[in-house]
Amino acid sequence: MALILVVIFTACDIPIELDPEQTESIPVIEGLVTNTEGKSYVRITETVGFYFEGNIPYRDDALVSVTDDSGNVTLFQPYTGSMTDSLGYFLPPDGFKGETGRNYTLQVLLDGETFTASETMAPVSPIDSLATSIDVAESFDPEEEDRFWEVLLYAREPELTKDFYLFKFYRNDTLERAFENDIYIVDDLFLAVNINGIPVPFYFVEGDTAVVEMYGISNKAFVYFSDLQIALANDGGLFSPPPANPRTNFDRYTPGYFLVASVATDSIIIQE
Amino acid sequence: MRNPVPRLLFLIISLFSLELSAQEKYTLSGYVRDETNGEELLGVTVYNDSLRIGTSTNLYGFYSITLPPGSYTFSFQYIGYADQFVTVQLDENLSMNIKLAEEALQMQEVVITDRAVDANVTDIRISSNELNIEQVKSLPALFGEPDIIKTIQMLPGVISAGEGTSSFFVRGGSADQNLILIDEAPIYDPSHLFGLFSVFNADVIKDSELYKGGIPSRYGGRLSSILDVRTKDGNNQGFGGAAGIGSIASRLMVEGPIVKDKGSFIFSGRRSYVDLFLKAAGEENTVSFYDVNAKLNWRANNKNRFFAAFYAGRDLFNFDDIFGFNWGNRTATFRWNHLFNDRLFSNTTLIASNFDYALGLSDPTQAFDWTSDIVEYTFKQDMSYFVDPQNFIEFGLQSTYRNFAPGTIEIDDPESSFREFRQDNIFALDNAIYFDVQHNIGSRLLIKWGSRLSYFVNIGEATVFTYEDPQENVNIVRTGTLEFDKWEPIEDFLNLEPRFSMRYMLTDKSSIKVAYNRMVQNTHLIASGTVPLPFNTWQPSGYYLDPQKSDLIAGGYFRNAFDNQLEMSAEAYYKIMNNVTDFADNATLFFNEDLPVEFRQGTSWSYGLELMVQKQKGDFTGFVSYTWSKTMREVPGINFDDPFPANYDRRHSFNFVSTYELNKKWTFGMNFNYGSGRPVTIPAGRYEIEGNYSANLYTRRNGYRLPAYHRMDLSATFRPGVDREKRIQGQWSFSIYNVYNRKNPFSIFTQVIEDDEGNPNPEGNKEARMIYIFPILPSITYNLTF
């Protein structure tokens, strides 16, 4: 809301040097198990000081396993290749995927401590279709040249079940969002049965490929992403709630989350 | 709790016995009014010098004094007015209305200060401040709009969270713990433009008083303070008015008699016109606010008076005709003052108050309308009984019906991807009886004691969910539902709220005062920010929320010097607040069907020292205030269950407020404020998550202090035609806000450092930035009175 004041009365901001309390770094564990092959992973990094510069330190010396509710244990191995972006990731053997309705437990043994989280894979209904259209208003004055195509999502939301969704949107294989701190989550409390063309929150250029991933997530995961979103968006203003760390599903505090979610994917090439 | 009823019975019996013992006495009573406009004057001292006894007019300008037969001379004294002496032969009950004439002041406006000359020392009131509205008008103001709330924020014991807000924090209480009344009707959100201005239009304010402690038992319902604002009745002698053109808003006020001496009206409107400029500039986004005040009053005879007062105000925001929101208060007060006899004054009041807001999006696929409101109706009966000069009794009752509509989302378009959502309305009955007895014991000691007995009921119709663990807000497990019929009690709360004040005169010019009060708050603000938003909702005490309670003890030394020109006070207080309503970390407060799982009620305590020197008379007037205070909170589940400083815990607050009248034409004003930094929660570190979000890691709540706040403002008021006997008088007001252009901290936020093109750096390196709102801001306002 401070933003509204900013808009009206051109408030200004200047950099300020904080003197934060120095805290020990703690591990940040995030994991994903989905019903799609090649998408599951665990990543372990560490928290850093607020003014830290450079690449975030990662850990590859942990013992990582995922156990399903029939007792099948899958070991996740640290990535050892040459892509620096992938360091800190632990990957399952090829062919690993989860199943909707089954429970998975992640166990991470790190520095003699065990971090455990478990979750049941929520279902997701398929995306009916994607459609494209030109946003006429945007086409008169696009923020970036030729980016005025909208992608609209159509789906059915099961009325009788309680569902939560996380959306990820890709433009030409790159994950994108409208604003730096956006997370796209929905509670079906506010959704009608027919999702009748909800627009992807950013625009495309003719010829782009748009991909929409719709994850069916648990209530707990919804709470986590919602907390994270609020924490990221907190402007520290007088109207804002006091900032807090997100609530996670690990038994020992780490700011990450073990997400077990089924995913529905659809894509479209932008054209008339 | 012990049954308080026998005590009240005792009181009523003793009231009659006082009546019996007073039979051989006669009463002088009546109203005291301003000679030129007929406005009743509140707090006028009526004093007999030889007996050294007296009384003062009540909130409606009525006085009554009962004495044995004889000849007496009374003085009627009031700041800004010439003393008037009246000699009466009291051998029967006499009714006498007094008209006081203004002192031949240089300033042409009526100076209404609602106080006797030496009230600072002699009055039993402690921890309360009256605002001189004329002084408020000549002080520097943001964008030239005089605002009583901005002056209140400078009083001792009051803290402001930052500039540009209409919230204030009294003795460690949060912003929702202030009961803000306009003509006795509560205002739920006093802000315009998110707090840049308050809803109080200075043109119509007659009198305003802030009670921070020793709160009379006729007031209740909030923990920390009562701001009682009363509007003018309208001139019943002749037509007149005022108009103003400012840089943000314009004002018009007209008043006049309906029948001379019998009835009058006042009407006032204020409207901002930023939106007109924006429209003219081709801007699609518009912002505006308005206020309308109206009052009619009628004196049927000396025994019966009727008033009807209305207020309506609203803020409207509109962005590109797609997204918009608005909020506003509406109040109506109907009042009947009746004299049962010369000593028993009755005030019967009917009050309606409404606060509502709406947000809407008109984009076709996502259109919705979100609305919420709170409505209440009150019946109030107040009695003042002037027993004899040594004893004064007030008693009464109040009954309120309150309806909270927490939120509805309506979808107009059947094709919409979103669905309607309605939260059930919540109902409550808020009842209280009260009494206050004031005794003079000897010539030095004045004691006032009393109590309020509040009975609050959360009633149906309602569906209440029960939970396996009502404090678990992630895996919420409902175990059942309780259904309540219309009017069926869900939960009720009976609370005795004792009040006590004492004044002891040390000398003619100095006194000590002590006060204790317990306050109970059954209406809880559902908000986790420091300053409430207009979009916050309220909830009654009920199945999951216990009444908030506070106990405050205050003591002070009061001294006047230089023929009452200089008023000094030093007060210390300690306050403990139980069941203060707070919320879990990461609480979801909007559209949450399981809202009760987010409630966390804790304890808060505050103590402080307040010093004030005030000068009310002469060319040079103003006050200096200094407050040292500390406010802590302890809430289960927050900050590892450890105490933490409240968001508004400023250790030092210093204010200097002054006006200087150079001559009839020129008046100058100056404010200076200093406040030590307020606490905020800053990150202890950061981490990367979900690919490339750079999130902050938090540890302690409110562990860091913002830089100190300080600011100086100047003003000048010029009345070019004051020498000439003209009906229409013009006046220029020049203001400079933040004279030395201090970049005062408003808030701190963090962000990923961006390059020159605004792209965030890929490593997620972050910086902290401080927002400051107002640079140096000059403004000009032109005012007319006619």
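Residues are numbered from 1 along each chain as its sequence is written, while chains are lettered from A in the order in which they are written. Because the model is predicted, local features need pLDDT of at least 70 and side-chain atom pairs count only at pLDDT 80 or more, while totals for chains, interfaces and linings use all residues; side-chain values use heavy atoms, with hydrogens and water left out.

Let's start where chain A meets chain B. Each side is counted by contact (heavy atoms within 4.5 Å), and 75 residues from chain A and 75 residues from chain B take part. The size of an interface is often given as the accessible area lost when the parts come together. Buried area here is the accessible area (1.4 Å probe) that two parts lose on being put together, summed over both. For chain A and chain B that is about 7100 Å², with carbon and sulfur atoms giving 61% of it.

What holds charges together across this interface? The rule finds 3 salt bridges between chain A and chain B, a salt bridge being a side-chain nitrogen of Lys or Arg within 4 Å of a carboxyl oxygen of Asp or Glu. Take Arg43(A) and Glu688(B): their closest N and O atoms are 2.9 Å apart. On the side of chain A that touches chain B, the elements giving two or more residues include β3 (41–46) and α3 (219–233). Of these, α3(A) gives the most, with 8 residues. Helices (H or I, at least four residues) and strands (E, at least two) are DSSP runs, numbered from the N terminus.

Now step inside chain B. The side chains of Lys206(B) and Glu39(B) meet in a salt bridge (3.5 Å, N to O).

Further along chain B, look at strand β38 (residues 599–615). Since 12 of its 17 residues are buried, β38(B) is largely enclosed by the rest of the structure. Buried means under 20% relative accessible area, exposed over 50%, and partly exposed in between (1.4 Å probe, protein chains only). Two strands pair if DSSP finds at least two bridges between them. β38(B) pairs with β37(B) (residues 566–583) in the antiparallel sense over 17 bridges, where Met568(B) has Val613(B) as its bridge partner. With β39(B) (residues 620–634), β38(B) runs antiparallel over 13 bridges, and Tyr607(B) stands opposite Lys630(B).

Phe640(B) has a positive phi of about 55° although it is not a glycine, and Phe640(B) is exposed, with a relative accessible area of 56%. Asn702(B) also has a positive phi of about 55°, but Asn702(B) is buried, at 6%.
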